[in-house]
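Subject: Structure handover

Hello,

Here is the structure for you to take over. My notes follow below it.

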Amino acid sequence: MFEHISIQKDVVFGEVVNAKGIKESLALDIYMPENDKVKKRPVIVWMHGGGFRYGNDKTQSYIVEMAKRFAKKGYVCISIDYRLREKPLEDIAGTLTDAVEDASKALKWVRKNRKLLNIDQSKIIVGGGSAGGILASNLFFSGQAKKKVKAGVVGFVNLWGSTGEKWGKLDIHKNAPPTIIVHGTADELVPYSNSVALVERLTANNVQNELVTFKDAGHTPVKH
């Protein structure tokens with residue numbers, strides 16, 4: 001739809017204290033269709049993967065590629081950072097609490113700046129890859145999930161990030177957002193069976209869903 005897009009990098013959306021007790025600024029990148037005359041575009045908020053470990057951020061290659069491609073299709077795309085840790089598995093609950101809180105802050109910022117972004121706050125999609133998918137699953141399907149976080153969210157794109165019991169107990173209900181899951185059957189990091197189980201629970205709760213299966217594909221089946 002659009003040949004060119006504009007990219008605005010490192011826009012601060014929150015200030016937090018990380019696991020080391022150090023103050024940290026959280027930033028996001030904005031991908032928008034260039035010279036767009038439409039005032040209320042749908043928005044996709046992207047959450048990167050990387051196991052909640054340092055060294056990963058909103059510039060993850062496939063997240064950037066997704067953001068660019070969808071911006072050319074007429075979506076406003078937002079790629080966000082969230083708090084990470086050196087050893088996230090040592091405190092899974094704390095890791096998830098921090099990340100969910102940060103993602104919530106980002107969604108609040110997006111809604112607050114809807115006019116600046118030219119978006120329709122009733123048409124928000126959240127997409128997450130690997131740890132980003134686990135993060136978004138906890139954002140929408142866990143005990144930490146709050147109604148105000150889900151306001152205006154019309155879809156969840158889960159890229160090989162279906163959580164197991166270790167990464168947060170799911171509390172799925174009929175008001176969960178429609179969900180599409182992409183997963184490879186040979187994933188050794190996040191078992192494909194997690195996605196199958198998630199689909200069963202979504203279906204049981206009458207939540208619209210679709211599982212896109214990549215046969216024999218491993219974790220993060222993308223071309224870099």
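Glu-24 is partly exposed, with a relative accessible area of 21%. That value falls in the partly exposed class because buried means under 20% and exposed means over 50%. Please keep in mind that this is a predicted model. Glu-24 sits in strand E2. Setting aside neighbours within four places in sequence, Glu-24 contacts Gly-14, Glu-15, Val-16, Asn-18 and Arg-83. Arg-83 is 59 residues away along the chain, yet the C-alpha atoms of Glu-24 and Arg-83 are separated by 8.4 Å.

Now the chain as a whole. There are six helices and eight strands. In sequence order they read β-β-β-α-β-α-α-β-α-α-β-β-α-β. The C-alpha atoms fill a box of roughly 45 × 40 × 35 Å along the principal axes. Take the contacts between residues at least 6 apart in sequence: 74% of them join residues at least 24 apart.

Next, the sheet. Eight strands form an open sheet with mixed pairing, in the order E1-E2-E4-E3-E5-E6-E7-E8. Which strands stand at the edges? They are E1 (5–17) and E8 (209–214). Each has a single partner strand, so one side of each has no neighbour in the sheet. On average, neighbouring strands are turned by 20 degrees against each other, direction ignored.

E3 and E5 (residues 119–129) run parallel and are joined by six bridges. Arg-41 belongs to E3, which covers residues 41–47. Its bridge partner in E5 is Ile-119. Is Arg-41 buried or exposed? Arg-41 is buried, at a relative accessible area of 12%. Beyond neighbours within four places in sequence, Arg-41 touches Met-1, Phe-2, Asp-36, Gly-74, Val-76, Asn-118, Ile-119 and Asp-120.

Helix H2 (residues 92–112) lies across E1, E2 (23–33), E3, E4 (76–80), E5 and E6 (153–159). H2 runs at about 130 degrees to E1. Helix H4 (residues 131–141) also packs on the sheet, where it touches E3, E5, E6 and E7 (179–184). The direction of H4 makes about 145 degrees with that of E6.

On to the nonpolar cores. In soluble globular proteins, nonpolar side chains tend to be buried together. Here the largest nonpolar core has 48 residues. Those with the most contacts inside it are Ile-30, Met-47, Phe-52, Ile-78, Ile-80, Phe-140 and Phe-141. H2 gives the most to this core, with nine residues. A second core of 14 residues is separate, and includes Ile-5, Trp-46, Ile-125 and Trp-160.

Trp-46 turns up again among the aromatics. The whole structure holds seven aromatic pairs. One of them is Trp-46 with Phe-70: the ring centres are 5.9 Å apart and the planes stand at 50 degrees, so the pair is tilted. This pair links distant parts of the chain, with Trp-46 in E3 and Phe-70 in helix H1 (residues 61–72), 24 residues apart. Trp-46 counts as buried at 2% relative accessibility. Phe-70 counts as partly exposed at 26%. Together with Tyr-75, Trp-46 and Phe-70 form one aromatic cluster.

Last, two backbone points to look at. Most residues other than glycine have a negative phi. Which value does Ser-130 have for phi? Phi of Ser-130 is near 55 degrees, a positive value. Ser-130 lies in the loop between E5 and H4, and is buried at 11% relative accessible area. Trp-160 also has a positive phi, near 45 degrees. Trp-160 lies in the loop between E6 and E7. At 2% relative accessibility, Trp-160 counts as buried, and Trp-160 is one of the residues in the second core.

Best wishes

Key
Residues are numbered from 1 along each chain as its sequence is written. This is a predicted model: local features need pLDDT of at least 70, side-chain atom pairs count only at pLDDT 80 or more; totals for chains, interfaces and linings use all residues. Side-chain values use heavy atoms; hydrogens and water are left out. Helices (H or I, at least four residues) and strands (E, at least two) are DSSP runs, numbered from the N terminus. Buried means under 20% relative accessible area, exposed over 50%, partly exposed in between (1.4 Å probe, protein chains only). Contact means heavy atoms within 4.5 Å. Two strands pair if DSSP finds at least two bridges between them. Axes are lines fitted to C-alpha atoms, for helices over the stretch in contact, and angles run from 0 to 180 degrees between N-to-C directions. A nonpolar core is a set of buried Ala, Val, Leu, Ile, Met, Phe, Trp, Tyr and Cys residues joined through side-chain atoms within 4.5 Å. Rings of Phe, Tyr and Trp (its six-membered ring) pair if their centres lie within 6.5 Å; planes under 30 degrees apart count as stacked, over 60 as edge-to-face and the rest as tilted.
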